Amino acid sequence: MKASKLAYKPVGLALGALSGVLAGALFKQSWKVLGHDEDAPDATDEERTWREVVVAAVLQGALFAGIKAVVDRGGAAATRRLTGTWPG
């Protein structure tokens, strides 16, 4: 494994945690903006409809994947600017 890739591992882990926190906060806000006063439903929540559960899961998945990609790509680009090499 290249030294730059190994050195990037802790940075990548920290960025992954940060992206999870950001995505969770954005999802909660988005769910409220969509007109839901309560928390997003779990898949096993008997009181919620199929539609509501699936819409919440799709929205959450899309936000998590998109934010993770943005944060990971930004971290890799910043690493290249600082070190001159791409970490991946």
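**Ground rules.** This is a predicted model, so I kept to its limits: local features need pLDDT of at least 70, side-chain atom pairs count only at pLDDT 80 or more, and totals for chains, interfaces and linings use all residues. I number residues from 1 along each chain as its sequence is written, and side-chain values use heavy atoms, with hydrogens and water left out.

**Helix H2.** I took helices as DSSP runs (H or I, at least four residues), numbered from the N terminus. H2 covers residues 50–83. I noted 34 residues and a reach of 49 Å from first C-alpha to last, close to the 50 Å expected at 1.5 Å a residue; the expected span is 1.5 Å times one less than the number of residues. After H2 comes Gly84, with a positive phi near 90°.

Next I asked which residues of H2 are buried. Buried means under 20% relative accessible area, exposed over 50%, and partly exposed in between (1.4 Å probe, protein chains only). My list reads Glu52, Val53, Ala56, Leu63, Ile67, Val71, Gly75, Ala76 and Thr79.

**Ala23.** I found Ala23 in helix H1, residues 3–33. Its relative accessible area is 0%, so I wrote it down as buried. For contacts I used heavy atoms within 4.5 Å. Neighbours within four places in sequence aside, Ala23 is in contact with Leu63, Phe64 and Ile67. The C-alpha atoms of Ala23 and Phe64 are separated by 5.2 Å, although the two residues are 41 apart along the chain.

**Aromatic rings.** I describe a pair of aromatic rings by the distance of the centres and the angle of the planes. Rings of Phe, Tyr and Trp (its six-membered ring) pair if their centres lie within 6.5 Å; planes under 30 degrees apart are stacked, over 60 edge-to-face, and the rest tilted. How many aromatic pairs does this rule give? I counted one. Phe27 and Trp31 form this tilted pair, at 6.1 Å centre to centre with 35° between the planes. Both lie in helix H1, four residues apart, about one turn of the helix. Phe27 and Trp31 are both buried.

**Salt bridges.** My rule was a side-chain nitrogen of Lys or Arg within 4 Å of a carboxyl oxygen of Asp or Glu. That gave me three salt bridges.

- Asp45 pairs with Arg48, the closest N and O atoms being 3.6 Å apart.
- Arg48 also meets Glu52, at 3.3 Å from N to O.
- Lys68 meets Asp72 at 2.6 Å, N to O.

I checked the cover here: Asp45 is partly exposed at 26% relative accessibility, while Arg48 is buried at 15% and Glu52 is buried at 18%. Glu52 also touches Trp31, His36 and Pro41, not counting residues up to four places away in sequence.

Lys68 and Asp72 are four residues apart in helix H2, so about one helical turn separates them. Lys68 is partly exposed at 41%, and Asp72 is partly exposed at 25%.

**Surface patch.** Last, I looked at Trp50, Val54 and Val58, which make a nonpolar surface patch of about 380 Å². Patches take residues with over 30% relative accessible area and no salt bridge; like charges are joined within 9 Å, and nonpolar side chains (Val, Leu, Ile, Met, Phe, Trp, Tyr) within 5 Å. Areas come from the Shrake-Rupley method with a 1.4 Å probe; for residues, only the protein chains shown count as cover. Val54 lies in helix H2 and is partly exposed at 43%.

Notes
Helices (H or I, at least four residues) and strands (E, at least two) are DSSP runs, numbered from the N terminus.
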